[in-house]
Amino acid sequence: MSEQIERVKCLIIGSGPAGYTAAIYAARADMKPLLYTGMEPGGQLTTTTEVDNFPGYPEGIDGPTMMVDLQKQAERFGTEVRIGMVTEVNFASEQGGIHTAIVDGKTKIEAHTVIISTGATAKYLGLPSEQRLRGGGVSACAVCDGFFYRGQDVAIVGAGDTAAEEATYLANICSKVTMLVRKGEMRASKAMQHRVAQTENIEVLFNSEVDEVLGDQVVDGLRIVNNQTNEKHDIAITGLFIAIGHKPNTDIFKGQLDMDEAGYLKTKAGSTYTNMPGVFASGDVQDKIYRQAITAAGTGCMAALDAERYLSKVAF
């Protein structure tokens, strides 16, 4: 570990819309934030091609470019952005206490406030063809990317409420939605199952899994296997949406911060405060409902404002 210990007013863990927005607000409040990007600088949006639903970009923008813009804006006001992964944390439990973080197992940072924006990682099937075509027709967010498949045939994998909700969303804009359910029944609520069943252009295939995603540069079909009979058949689609859940990136905070059963950080109602004073959570790491860039940015703003107000109340 480095012998030199740095102390900062505000440490931001994670980039993406939440982290960079928090950095913009914290920097403008003269908190001189230090931001570590994590292993995926820019977060999930760096795997997205076109972003059409973020305000301020009337012609749309690709995800990586948008993240570069946000980083430049944060740096313009004095944020120091570093490539690095926070691998260990030790949060002080007393008001005004000093929190510590270890970066890449060697650098120690001490911070009066910490904003966590580590996000959540979408779960994928793990097929080589699926990974190859991510951004070319394979998506983990129907609300984000469904618009690009208006009037086309698509498929969605999943059996829970999220999958059912996204299937009905897609059914409003796509010609046909094929829903693949691995088991013989859905695990979504009865209300969501009824909604799917009553939507004419949704076809549910039970006991069905993706054998291969077809296409060279973009998705043009799907090979489906029945896991009871091992029979396979192909369907023509242009978009495949994976809705089998997300994993919040919170492993290093276990035992210190309150989480729900899925591992999402709990924040106090109407704020970004965690159970530790001076530690705040923003973005998808604490949001399992909306998971949009604009909502992540909004909570990033909230976290910076909460951190600023917290600092004004403690002496250091």
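1. Cys 144 is partly exposed, at 27% relative accessible area. The model is a predicted one.

2. The link between Cys 141 and Cys 144 is right-handed, with 70° about the S-S bond. Cys 10 takes part in no disulfide; its nearest cysteine sulfur belongs to Cys 301 and lies 13 Å away. Cys 10 is buried, its relative accessible area being 0%. Cys 174 is likewise in no disulfide, and the nearest cysteine sulfur, that of Cys 141, is 13 Å away. Cys 174 also counts as buried, at 6% relative accessibility. By the distance rule of within 2.5 Å, the count comes to one disulfide.

3. Three strands make up an open sheet, in the order β14-β15-β16, with antiparallel pairing. β14 (208-214) and β16 are the edge strands, each pairing on one side only. From one strand to the next the twist averages 25°.

4. Six bridges connect β14 and β15 in the antiparallel sense. Val 213 has Leu 222 in β15 as its bridge partner.

5. β15 (residues 221-226) pairs with β16 (residues 232-235) over four bridges, again antiparallel. Ile 224 stands opposite His 233 of β16. The hairpin of β15 and β16 has five residues between the strands, and in it Asn 230 takes a positive phi near 65°.

Notes:
Residues are numbered from 1 along each chain as its sequence is written. This is a predicted model: local features need pLDDT of at least 70, side-chain atom pairs count only at pLDDT 80 or more; totals for chains, interfaces and linings use all residues. Side-chain values use heavy atoms; hydrogens and water are left out. Two strands pair if DSSP finds at least two bridges between them. Helices (H or I, at least four residues) and strands (E, at least two) are DSSP runs, numbered from the N terminus. Axes are lines fitted to C-alpha atoms, for helices over the stretch in contact, and angles run from 0 to 180 degrees between N-to-C directions. Buried means under 20% relative accessible area, exposed over 50%, partly exposed in between (1.4 Å probe, protein chains only).
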